[in-house]
Amino acid sequence: MSKLNDKIAKLFPQATEAANGIIEIEIADAQWHQAAQTLRDDEDIKMDYLVTIVGMDWTDALGCVYYLMSTKYNQIVAVTVKTSDREKPMLHSVADLWGVGCLYEREVYDFFGIIFIGNPDMRRLFLSIDWKGFPLRKDYDDDPALNPVSTENERQSDFTDTYIELPDGTVEKKEVEVFHPGDFVVNIGPQHPATHGVLRFRTAVDGETIKKIDVYMGYIHRGVEKLCESLTYPQTLHYMDRLDYFSAHNYHHGLCMVIEKAAGIEISRRAQVIRVMMDELSRIASHCLFIGTYCMDLGATTMLFYTLRVREQILDIMEKTCGARMTFNYDCIGGVMQDLAPDFVDDVKALLAVLPANIKEYNKIFTGNVIAKNRMEGVGVLSREDAISYAITGPSGRASDWACDMRKLRPYSIYSELDFEEVTATEGDSMARFKVRLREMEESAKILSQLVDNIPDGEYCVKVPKVLKLPVGHWFELVEGCRGAFGVYLESDGSTKPYRLKIAPPCLPLAGVVDHITRGSKIADLITIGGSLDYIVPDMDR
Amino acid sequence: MQDFSIITDAIHSFLLTYLPGWLTVTVECVLIGVGLLLVYALLALFYIYYERKVCAAFQCRLGPNRVGPWGLLQSFADMFKILIKELIQLNNIDKFLFALAPYLVIIASMLAFAVLPWGNGLQIIDFNIGIFFLIAVSSIGVLGILLAGWSSNNKFTLIGALRSGAQMVSYELSVGLSVITMVCLAGTMSVGGIVDEQSDLWFIFKGHVPAIIAFIIYMIAGTAECNRGPFDLPEAESELTAGYHTEYSGIHFGFFYLAEYLNLFIVSGVASLLFLGGWMPLHIPGWEAFNHIMDFIPSVIWFLGKAFLLSFVIIWFKWTFPRLRIDQMLLLEWKYLLPIGLFNLALMTCVIVFGWHF
């Protein structure tokens, strides 16, 4: 580890180390692409995973904070790149270095108007093509008259822009076709039974074979990051359960952790245990629903009811304690909202008693079925390199043999004390993604069984000031949601509201990789692959 | 054994006493037509209820249980709902073909009803190429599906229709081959003749190994023929929303829906005709008393019972298996079912030539 620090200190003398072990570097745009290449390829640094790109408006400058992570050395580096030009801000793209870069840069372009030189696809990602202004800039004019609700069909273009730097340093804009004129393009979505939400795949097909997919997002973009900037810290929490509604607890946990770290709040052991138990319960419930809907996508409807039976039991447990069956507002700054329901322990034990038999049944009905095997094995193979490059975390990444479980890599809360295995598989196909989730349910059950008899007494929520102000600074935390690594970047200017709250969801890269792994497969495989990646649209759209 | 031809003959001679010969035939045709429509509608309603209840049982649910006792009136309510729904007029479609397609599909399945052996003496038409006629008319259905997909001017329906074309044309071969195999054993193509041949023993026992192979092939190919899971690719809802009938509404959609259920009945009916003796009760050579008792069960019940039992198996397929992919489905047909079917035909011929059957 120190070798990595030394190397970075040698290459980038301006690097500093932040509180939670993240190395921070500021690099000028002119050197950025070269530096990024070094960071990615140098044997002693190997920053091969681009966690997120945080677009920033510091009012005096626009720019990005790139969070990079080394899968080899398990170290995070935050690189800041700035430009002071507000009229036509430009930075150099890293889309050629990290597969997920293209998508992240489009998001930054959408919100901040920063153009990335060399990015092959500079369209807006979430907002409509005719949107005026860049909403996350601090000088954005949110007058509704500028962007009225359209009564017309949304304009759509088959062309995209790309900016190329010429040898003499000038930047040229070029128009590129998304599809060839003769392509037979089928719209799969936004209203489609198998896209799991309002996501749209424009699919160029040749007969039944897929040639190219263009992913359209933003149908349920709610501007959560923008909204959070006008809310106090406790209020921002309530948006987290509207992202990935199956990982509501995990996401709340993530944001609470960042705010608690920033405010220096120490929460009680009891609250920690409750939070972890809730996280794991939601993980089982989420994977149950995944198995059910995935089998339904493949045409085996009956499985849905068998998995919902278990999920129902978990939702009952949650309802008793949290008072809700969806969009739980349970974790709060300082602990959890209220104490556990009296029969929580008994209910969890009852669940743990029936779970193994159910998992066995799922395997019996579906996993061993020859049709299911033919549909899933070897379909949508994602190599380990591609999984890292496209930032495919969570069970989908682990199915490609990338040990990316944040509970193990950056243990938070009490995870370091718990005995559980990180489930990985080597095949990287849809079957592996399916099996990893099945086995993860068993691991979550293992965690629950360790905790269920050891819930310590104590207060469930510590005293937190009524008006919470965070010190000036920025923080970044990663937690493991049900679908992958969920990152929260928080920048505070010392007031009661966040200056910038960036959410790095796991599902955005999942949608970004669909085109890459479906090329050349059949239409039916798109459903198999999409289902096995298990993306949640509100999570990617935010 | 009860013989329904006594009743039909009585009606015939009763009509002849009052009417001239040509008018008698006309009146009989109208009566049969009305009766057929009624049976058709009732069977479809029964099947909808049947499948709902069966799949509910598989899925740990209750199924329809609110409308009428045990939810029996649910299908009727749904039928009336679909009857009063609007037929949505679409722009930029081939209106004539679009309207024609559901009728082609429903006519195909209704024509097949004509040759089914409903009971002893209860068959609408029994002629010497009965089973051949059945195969011929049931392949009209694919035309309707192709037209529906094509005329809707929708990419999903087009893909669904093309899938359906590939599927039906392929699997018709296997259906045909297993039918020929059994025709070899029966020595006749007349439906009545095939049933009579099984009066001592059902073909599935009589033809033992080749008959069982043909039965399995027929059940798989038959499931594919009626577009049901795991072969429901033409309307794979998670891929193509509703496949070839995405754009249809009201009773036109209802026709596709009815035809799908009736095809299920026809496939099971033909399977029971070819392998399980049609309306013929279970007879075992030498067990005279047993055979006599079996004869007391009306032949209609035998036929419907066998058909419903086989339908249950097909419904079971659907609610258990995931859907195949198009290439896997064609692979199954062309690389496995068809060669096995051809080999089985040769095997059956040997069995008959050497007299190895029971």
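Helix 10 and helix 15 of chain B are roughly antiparallel to each other, because their axes cross at roughly 150°, and angles over 145 degrees count as roughly antiparallel. Keep in mind that this is a predicted model.

Let me stay with that pair. The helices in question are residues 208-225 and residues 326-353 of chain B. Their axes come within 9 Å. The crossing of helix 10 and helix 15 of chain B is left-handed.

Which residues make the contact? From helix 10 of chain B we have Pro210(B), Ile213(B), Ala214(B), Ile217(B), Ile220(B) and Ala221(B). Helix 15 of chain B answers with Leu337(B), Ile340(B), Gly341(B), Asn344(B), Leu347(B), Met348(B) and Val351(B). By class, that contact has eleven nonpolar residues, two polar ones and no charged ones.

Now follow the chain out of helix 10. Asn227(B) sits in the loop between helix 10 and helix 11 (237-240) of chain B. Is Asn227(B) buried or exposed? Buried: 28 other C-beta atoms lie within 10 Å of Asn227(B), and 20 or more is the cut-off. For a sense of distance, take Trp70(B). Asn227(B) and Trp70(B) are 157 residues apart along the chain, and their C-alpha atoms are separated by 29 Å.

Helix 1 (residues 4-18) and helix 2 (residues 21-58) of chain B have axes that come within 9 Å. They cross at roughly 135°. That makes helix 1 of chain B oblique to helix 2 of chain B. Helix 1 of chain B passes helix 2 of chain B in a right-handed crossing. His12(B), Leu15(B) and Leu16(B) contribute from helix 1 of chain B. Gly21(B), Thr24(B), Val27(B) and Glu28(B) contribute from helix 2 of chain B.

Step back to chain B as a whole. Its secondary structure comes to 15 helices and zero strands. The radius of gyration of chain B is 21 Å, close to the 21 Å that the globule rule gives for 358 residues, so chain B is as compact as a globular protein of that length. Along the principal axes, the C-alpha atoms of chain B fill a box of roughly 65 × 55 × 45 Å. Of the 358 residues of chain B, 44% count as buried. Take the contacts in chain B with a separation of 6 or more: residues 24 or more positions apart account for 79% of them.

Over to chain A, and one residue there. Where is Ser93(A) found? In the loop between strand 6 (90-92) and helix 3 (101-112) of chain A. Ser93(A) is buried, with 23 other C-beta atoms within 10 Å. Leaving out residues up to four places away in sequence, Ser93(A) touches Gly101(A), Glu105(A), Phe116(A), Ile117(A), Gly118(A) and Asn119(A). Cys288(A) is 195 residues from Ser93(A) in sequence, and 39 Å away in space, C-alpha to C-alpha.

Last, the interface. How many residues of chain A are in contact with chain B? The count is 24 residues of chain A, against 23 residues of chain B. On the chain A side, the elements that give two or more residues are helix 7 (269-297), helix 8 (302-322), helix 10 (370-376) and helix 17 (523-533). Helix 10 of chain A gives the most, with four residues. The chain A side divides into 13 nonpolar, six polar and five charged residues.

Notes:
Residues numbered from 1 in each chain as written. Chains lettered and ligands numbered in written order. Predicted model: local features only at pLDDT ≥ 70, side-chain atom pairs only at ≥ 80, totals over all residues. Contact = placed C-beta atoms within 7 Å. Nonpolar A, V, L, I, M, F, W, Y, C, P; charged D, E, K, R; others polar. Axes fitted to C-alpha atoms, helices over the stretch in contact; angles between N-to-C directions. Parallel < 35°, antiparallel > 145°, perpendicular 65-115°, else oblique. Left-handed = near helix turned anticlockwise from the far one by under 90°. Rg over C-alpha atoms; globule rule 2.2 N^0.38 Å. Buried ≥ 20, exposed ≤ 12 C-beta atoms within 10 Å, placed from the backbone.
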